Amino acid sequence: MALVAPSILSADFGHLARDIGSVAAADWIHVDVMDGRFVPNITIGPPVVQAVRRARDELAPHMVVDCHLMIVEPDRYLEDFAKAGAQVITVHVEVCTHLDRSLQAIRGLGVQAGVSLNPHTSEAALDYVLELCDLVLVMSVNPGFGGQSLIERVFPKIERLRARIDALGLPAKIQVDGGVKADNAWRFVEAGADVLVSGSGVFGAKDRAAEIRKIQEAARP
């Protein structure tokens, strides 16, 4: 069964701890960090990640704090996000000039290392760093905004990436982010995904715990 990671991008930041508690049925909590440069929007920084970690520790200690950096020059801030409590830090291949070094730096902080691919970016960009990846995040929408429609063209990419990881015998998980709902979760899992990020799909539901369970059930292989 795939893991479910609600994205706080769709949460109420005025009641963040409450909203994190409302998705305690999930496996991970996904934190989207945007800088207004790599993507159009600006969201949060390490202090909010620290608040997320405190709320998680109190209300849902089983959840993994998963931090997705949609920012330029991510290497400058890796230590700050690790100290704030991120357990997974994901950077984008499109902005990392020295991706091998970035992934090694994340691992050196005692944090799981992730790398994200925009919809147009080929999985072949990771051919020489897959062994350093604990997570590969395939964006199934263009990053920067919540509530977008799924880009169907990403499914073959997920399948090829799954085949490559399995052929090499690597433990890296595949995460997908964008357009994930209870009624299509099975498609991502069938393609090879391990972790499903859902923002508005979860936080927009009246009963968030029930919606998470629906996604989890739909994501059974």
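**Entry 1: Ile106**

I started with Ile106 and listed its contacts, skipping neighbours within four places in sequence: Leu78, Ile89, Val91, Val111, Gln112 and Ala113. Contact here means heavy atoms within 4.5 Å. This is a predicted model, in which local features need pLDDT of at least 70 and side-chain atom pairs count only at pLDDT 80 or more, while totals for chains, interfaces and linings use all residues. Residues are numbered from 1 along each chain as its sequence is written, and side-chain values use heavy atoms, with hydrogens and water left out.

I found Ile106 in helix H4, residues 99-108. Helices (H or I, at least four residues) and strands (E, at least two) are DSSP runs, numbered from the N terminus. Is Ile106 buried or exposed? Ile106 counts as buried, at 0% relative accessibility. The cut-offs are under 20% relative accessible area for buried and over 50% for exposed, with partly exposed in between (1.4 Å probe, protein chains only).

I also took a C-alpha to C-alpha distance: Ile106 and Ile89 are 7.0 Å apart in space and 17 residues apart in sequence.

**Entry 2: Leu99**

I stayed in helix H4 for Leu99. Leu99 is buried too, with a relative accessible area of 8%. Not counting residues up to four places away in sequence, Leu99 touches Val91, Val93, Val115, Leu126 and Val129.

**Entry 3: Val115**

The Leu99 list sent me to Val115. I found Val115 in strand S5, which covers residues 112-117. Val115 is buried, with a relative accessible area of 0%.

Which residues does Val115 contact, leaving aside its neighbours within four places in sequence? I noted Thr90, Val91, Val93, Leu99, Leu103, Leu126, Cys133, Leu135, Val136 and Leu137. I also checked Val115 against Leu130, 15 residues apart along the chain, and their C-alpha atoms are separated by 9.2 Å.

**Entry 4: two loop residues**

I looked up Ala125 in the loop between S5 and strand S6 (135-139). Ala125 is partly exposed, with a relative accessible area of 43%. From Ala125 to Val93 I have 7.6 Å, C-alpha to C-alpha, for two residues 32 apart in sequence.

Then I went to Glu73, in the loop between strand S3 (64-70) and helix H3 (78-84). Glu73 is partly exposed at 41% relative accessible area. I wrote down its phi as well: Glu73 is not a glycine, yet its phi is positive, about 50 degrees.

**Entry 5: aromatic rings**

How many aromatic pairs does a search of the whole structure find? I found one. The rings of Phe155 and Phe188 have centres 5.0 Å apart and planes at 40 degrees, so I logged the pair as tilted. For reference, rings of Phe, Tyr and Trp (its six-membered ring) pair if their centres lie within 6.5 Å; planes under 30 degrees apart count as stacked, over 60 as edge-to-face, and the rest as tilted.

I placed Phe155 in helix H5 (residues 154-168) and Phe188 in helix H6 (residues 185-191); the two are 33 residues apart, and the pair links distant parts of the chain. Phe155 is buried at 8% relative accessible area, and Phe188 is buried at 0%.

**Entry 6: the whole chain**

Last, I stepped back to the protein chain, where I counted eight helices and eight strands. The radius of gyration is 16 Å, close to the 17 Å that the globule rule gives for 221 residues, so the chain is as compact as a globular protein of that length. That radius is taken over C-alpha atoms, and the rule is 2.2 Å times the number of residues to the power 0.38. Along its principal axes the C-alpha trace spans about 45 × 35 × 30 Å.

What share of the 221 residues is buried? I have 55%. For contacts between residues at least 6 apart in sequence, I noted that 62% join residues at least 24 apart.
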